[in-house]
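Please read this note alongside the sequence and the model, and look up each residue as it is named. The points are meant for someone who is new to reading structures.

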Amino acid sequence: MKHTHIFQGTAFSSESPKEVQILKDHLFFINADGMIEKIVAPEDTDYQALLDDYQGDEHFHRLADGQYFLPGFVDLHVHAPQWAQAGTALDIPLYDWLNTYTFPIESKFSDPAFAKKVYHDVVSTLIANGTTTALYFATVHKEASLVLAEICAEKGQRGLIGKVVMDNPDQTPDYYRDADTQTALADTEEFIVAVKELAKRTKQGVFPVVTPRFIPSCTDEALKGLGELAAKYDTYVQSHCSESDWEHGYVQGRFKKNDAFALHDFGLLREKSVMAHCNFLDDHDAALFAETGTAVCHCPISNAYFANSVIPIARLQEKGVEIGLGSDISGGFSPSLFDNVRQAVISSRMLEDGVNTSLPAEKRGVPNSRITLNEAFYFATAGGGESVSLPIGRIAENYAWDVQIIDTSVETARLPLYNLKENLHDVFQKIMYLARPENIREVWVQGEKVHSRI
C-alpha cells in the first residue's frame, strides 16, 4: 500500500502501564487508511536508505528541534452539552447541580441550531487540547445527538456518541426526560442505525453508544431494553456507576445490590462498556468488571467536586480492570486530559498519604494507592484505546496515526529545557506536567491533520 505520509521525529508512547517507550528519531510510515504501517529506528539497516529516498518528498515531515510526538488522547467521558455550563456551579452537591444547572441546560438541546453551535465549539476545543477520540454523552434529543455525530465526522475527531436515556419520572424533571420508555428505546434504535450509516463514509470512525444516563434516571424496562439493543447491534455502552454517596446509596436501596451487579443484570456490562467514575466499586464489583471486560473511566478532576471520595485506582488496576481517563466536562472544568493526568497523580498521592492531620501518619492514608505519571499517561492514551477495543492510543505499528505534535519552544509557553542533551524521559515529564494548548502545534487523526496552531 502506498505511504501517504512519512514522519521523522522522537515519539513517546506507552510500552506498558508503568513504562514509557521513547522512539528517538524514528521514521513513521503511514498508509492510505491512516494506519502506522512501519516504524524504522535509526539503528535499523534500511534507515538511512529510506531517509535518502523520502526526505525530499512532499509527504515527508521532519519535526523541528524541540518538537515531539505524543499519542492523541482518548477522553472516555464528555458531556458535550455541558460545555455550555463549564466552569460554573462546582460548589454544590451532585443532585442539586444536576437539577439546578445541568438539566435546564441540556433541555435547550431540543433546538438543533443551539446544539450545533455548542457541539462545534466543544469538538473543536477538545481537538485543540489533543483529544483525538472522545466518548460523548449527548442529550435525550435524537436529532441533536445526530448533530454531534455529524460534527465529529466533519471535523475529523473519532467520536463515540450516545443519545441519553432518562425515562424515570421519579428522578427526572417534567421538562427534561424521554416522552416514555417506548419512545426512548425507539429513538435509541433509530440513532444507532443512523450513526452506523454515517460511519460508512467517515475515515476515522464514528460509533453509536447505548447510554442510560445512570440507574436513577431509568426505569427497569428501559435498562432491560437498552441491554437488548446493545446486544442486537453490538454497540458500545456507557453510563455512570457508583459515583457518589447519594447515587451509590440510591441503587442499593432500589435493587439491594451495587451498581455493577444491577447493570450486569440488564446486560449493560460487556467488552464494549465504559463506566464513568466507579469510586465505590468493591472487590466483587471489580472482579465483575474484569470478567466482563468493562472499563472504568477515571475522572479525577470531576471526582474532586462530586464523588465524595478518591477512587482507589491503583487497586482496580491491580485487579485487572481496564482503566482510561475522562475529563467529565462539565463536572470536570477542564477540557484537557493533560490537566486530568496531573490530577490523577495528585489525587492518588492524597489517597495514599491521607488528608486528616489529626491522625498519625500510619493511619492517615490508604497504603499502595499512588500512581505514577507514566501510569496516568497510559490511562489517557493506550488504556483508553484498550477500553474501547480500538487500535488507538499508541504510536506503534498497526495502530492509527492519532498524534499530537508538541512544540516545547513556543515563545508564550516555552518549557524549561536548557540542556541540549536533556534526558528524554525528563523531557517527557516536563511535557506532561507543563504543556498548555499553545504547545500543541498539530493534531492528526487517522492520518489526517485536523488541527494546526499557526
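Predicted model: local features only at pLDDT ≥ 70, side-chain atom pairs only at ≥ 80, totals over all residues.

1. Side chains of opposite charge can pair when their charged atoms come close. With a salt bridge taken as a side-chain nitrogen of Lys or Arg within 4 Å of a carboxyl oxygen of Asp or Glu, the count comes to 23 salt bridges.

2. One of these pairs is Asp-178 with Lys-163, whose closest N and O atoms are 2.9 Å apart. The two residues are 15 residues apart and the pair links distant parts of the chain, since Asp-178 lies in the loop between β9 (164–165) and α5 (181–199), while Lys-163 lies in the loop between β8 (158–162) and β9. Are these two residues buried or exposed? Asp-178 counts as buried because its relative accessibility is 4%, under the 20% cut-off, and Lys-163 counts as buried because its relative accessibility is 0%.

3. A second pair joins Asp-265 to Lys-257, with 2.6 Å between the closest N and O atoms. Here Asp-265 is exposed, having a relative accessible area of 51%, whereas Lys-257 is partly exposed at 31%.

4. Arg-370 is partly exposed, with a relative accessible area of 39%, but Glu-352 is buried, with a relative accessible area of 18%.

5. Salt bridges can also be joined into a network, and Asp-234, Arg-270 and Lys-272 are linked in this way.

6. Two packed helices are described by the angle between their axes and the distance between the axes. How do the axes of helix α4 (residues 142–155) and α5 lie, and at what angle do they cross? These axes come within 10 Å and cross at roughly 20 degrees, and because angles under 35 degrees count as roughly parallel, α4 and α5 are roughly parallel to each other. The crossing of α4 past α5 is right-handed. Residues that make the contact include Leu-146 and Ala-149 of α4 together with Phe-191 and Val-195 of α5, and the residues of this contact divide into seven nonpolar, one polar and four charged.

7. Helix α5 also packs with helix α6 (residues 220–233), at an angle of about 20 degrees and with the axes 10 Å apart, so that α5 and α6 are likewise roughly parallel to each other. Again the crossing is right-handed, as α5 passes α6. Among the residues in contact are Leu-185, Ile-192 and Val-193 of α5, and Leu-226, Leu-229 and Tyr-233 of α6. The residues of the contact of α5 with α6 divide into seven nonpolar, four polar and four charged.

8. Finally, consider Leu-269, which is placed in the loop between α8 (259–265) and β12 (273–277) and is buried, with a relative accessible area of 6%. Leaving aside residues up to four places away in sequence, Leu-269 touches Ala-260, Leu-263, His-264, Met-275, Leu-288, Phe-289, Thr-292 and Thr-294. For Thr-292, the separation from Leu-269 is 23 residues in sequence, yet 6.3 Å in space from C-alpha to C-alpha.

Note on methods:
Residues numbered from 1 in each chain as written. Heavy atoms only, no water. Helix = DSSP H or I, 4+ residues; strand = E, 2+ residues; numbered from the N terminus. Buried < 20%, exposed > 50% of the residue type's maximum accessible area, 1.4 Å probe, protein only. Axes fitted to C-alpha atoms, helices over the stretch in contact; angles between N-to-C directions. Parallel < 35°, antiparallel > 145°, perpendicular 65-115°, else oblique. Left-handed = near helix turned anticlockwise from the far one by under 90°. Contact = heavy atoms within 4.5 Å. Nonpolar A, V, L, I, M, F, W, Y, C, P; charged D, E, K, R; others polar.
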